[in-house]
Amino acid sequence: MIKITNLHKYFGELHVLKGIDLEVKQGDVIAIIGPSGSGKSTMLHCINRLEEPSKGHIFIDNEDIMNPACDINTVRQKVGMVFQHFNLFPHKNVLENIILAPTLVKKISKEESCNTAYELLAKVGLSDKASSYPNKLSGGQKQRIAIARALAMKPEVILFDEPTSALDPEMIKEVLDVMKDLAKEGMTMLIVTHEMGFARNVANRLIFMDNGLIVEDTEPNTFFNAPKSDRAKEFLDKVLNK
Amino acid sequence: MDGYLGVLYHIFIKDERYMLIVNGLLFTLNVTFLAALIGIILGVILSLMTISDFKPFKNVKSDRLSYLRDFNPLTKLALIYITVIRGTPTVVQLFILFNLVFTGVLETSVFVIAVIGFGLNSAAYVAEIIRAGIQGLDKGQMEAARALGMSYGLSMRVIIIPQAVKKIMPALVSEFIVLFKETSVVGMIGGNDLTKAVREIAANSFRAAEPWILAALIYLLLTTLFTYFMRKVEKRLKESD
């Protein structure tokens, strides 16, 4: 459902992505790991063109989003995104945060959007927070609302950009649990993460990136037990404190 | 009437001199409000120009002209305007407007020149306030809105501008207060504002201290009122956070 071919990204002189090829199938849960500066987040941001790719093609449902005729706003309705810093809208309450895009972009009636929103709030375990403002929520709660907000657009795939990196340790689990449920339901997910346990237990594919390239694309267990490249071995040694 | 009250009577009441103050104050307030209106409208336009992403030459192939790719004529124009206005004194701008532009080309009343002059001046400051307000917002807000499929315009309207307005309100009100006080130089091009009226009273009554203290009190009273309203509005805005 997503196909990336020869994706390059430059920031001025800096060559951040050096030819990414990747195919994502329906239902894939892909953990993307690698050292910082390896281009993981940039790649994710290119998939919905929040970052303009410099070269290459990205097909979403066979539509090339690099084609000038492509309406990126329509594509983005199918591609949800969850950010490291949540990015909830502080001047809107939780319910408004969730129904804003469905009502304004998809033109779904307010009543129907609210019903969906309450279902989603129940799903992320925050039914009692519908009328709270984001500044009254903890980090973990904010991120669960952000996931509900993304789900409200009924996306085909959700991009997670380090969803737990800005959280206090005791709040990481509540967010990962929600993501685990999503994975079980068959949601297609691309997750840039530093949570190795999560990558190993929940993802069905693991991508290791280094220096703007995908170095390994394999099963999580294979990767953790027997990484092929030296670079991956070195990385695992560091993050697993071996 | 005698004693000090007699002196005050002589200064302010005799020959209906208080009417100078009333008319002067009206002139000052009218110029301030109309100039503020121009300042806001033009300031919004200028600020949108400075943050716009309008790059008409971004597809230039030639390497020799590569600098044109990032050239944004709207931003450039707005920045030049802001630099010139903020880099020159208001009085000088008024004199230029008065002597070069208007008297030369067409006959216009001092009131209109003052409104236009202060309006053009204020716009540059308002533009900078708005630009800072919008650019000071977390970049993630725009990203989140766009990632949900909202267009640039819709994201600006529903997400960015409502948050920016809250942030810039206090700065806008203080710009309004600065504008209000700055109109006191309008007498130099012949405007009959509050300051000019007081100067006349002082000249006619041969007493300077009382008229000038009264002028200070009137300015102070009004700026305090504006500040009071600003605090109220600010509090209201905070509550909805």
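Predicted model: local features only at pLDDT ≥ 70, side-chain atom pairs only at ≥ 80, totals over all residues.
## Confidence, a sheet and an interface

For the model as a whole, ipTM is 0.91 and pTM is 0.80. The two chains are set side by side here.

| Chain | Mean pLDDT | Residues at 70 or more |
|---|---|---|
| Chain A | 92 | 100% |
| Chain B | 88 | 95% |

Let's turn to the strands. Chain A holds an open sheet of 4 strands in the order β2-β1-β4-β5, paired antiparallel. The edges are taken by β2 (14-24) and β5 (63-64) of chain A; each has a single partner strand, so one side of each lacks a neighbour in the sheet. In general, strands of a sheet pair through backbone hydrogen bonds.

How many bridges hold β1(A) and β2(A) in their antiparallel pairing? There are 8 bridges between β1(A) and β2(A), and within this pairing A:Y10 has A:H15 of β2(A) as its bridge partner. The two strands form a hairpin with 2 residues between them. In that turn, A:G12 has a positive phi of about 60°.

Strand β1 (residues 2-11) of chain A also runs antiparallel to β4 (residues 55-60) of chain A, and 5 bridges join them. Here A:T5 stands opposite A:H57 in β4(A).

**Salt bridges**

Over all chains, the count of salt bridges comes to 17. In general, side chains of opposite charge can pair when their charged atoms come close.

**Where the chains meet**

Now for the interface. On the chain B side, 20 residues are in contact with 23 residues of chain A. Together the two chains bury about 1,800 Å², of which 62% is on carbon and sulfur atoms. Which elements of chain B give two or more residues to the side that touches chain A? They are α6 (139-147) and α7 (152-182) of chain B. Of the elements, α6(B) gives the most to this side, with 7 residues. Sorted by class, the side of chain B that touches chain A has 9 nonpolar, 6 polar and 5 charged residues.

What about specific pairs across the interface? The count of salt bridges between chain B and chain A is 0. Polar contacts do occur there: 5 residue pairs are found, with both residues at pLDDT 80 or more.

Conventions. Residues numbered from 1 in each chain as written. Chains lettered and ligands numbered in written order. Heavy atoms only, no water. Contact = heavy atoms within 4.5 Å. Buried area = accessible area lost by both parts, 1.4 Å probe. Salt bridge = Lys/Arg side-chain N within 4 Å of Asp/Glu carboxyl O. Polar contact = N/O pair within 3.5 Å; in protein donor to acceptor, adjacent residues only side chain to side chain. Nonpolar A, V, L, I, M, F, W, Y, C, P; charged D, E, K, R; others polar. Pairing = 2+ DSSP bridges. pLDDT = per-residue confidence, 0-100.
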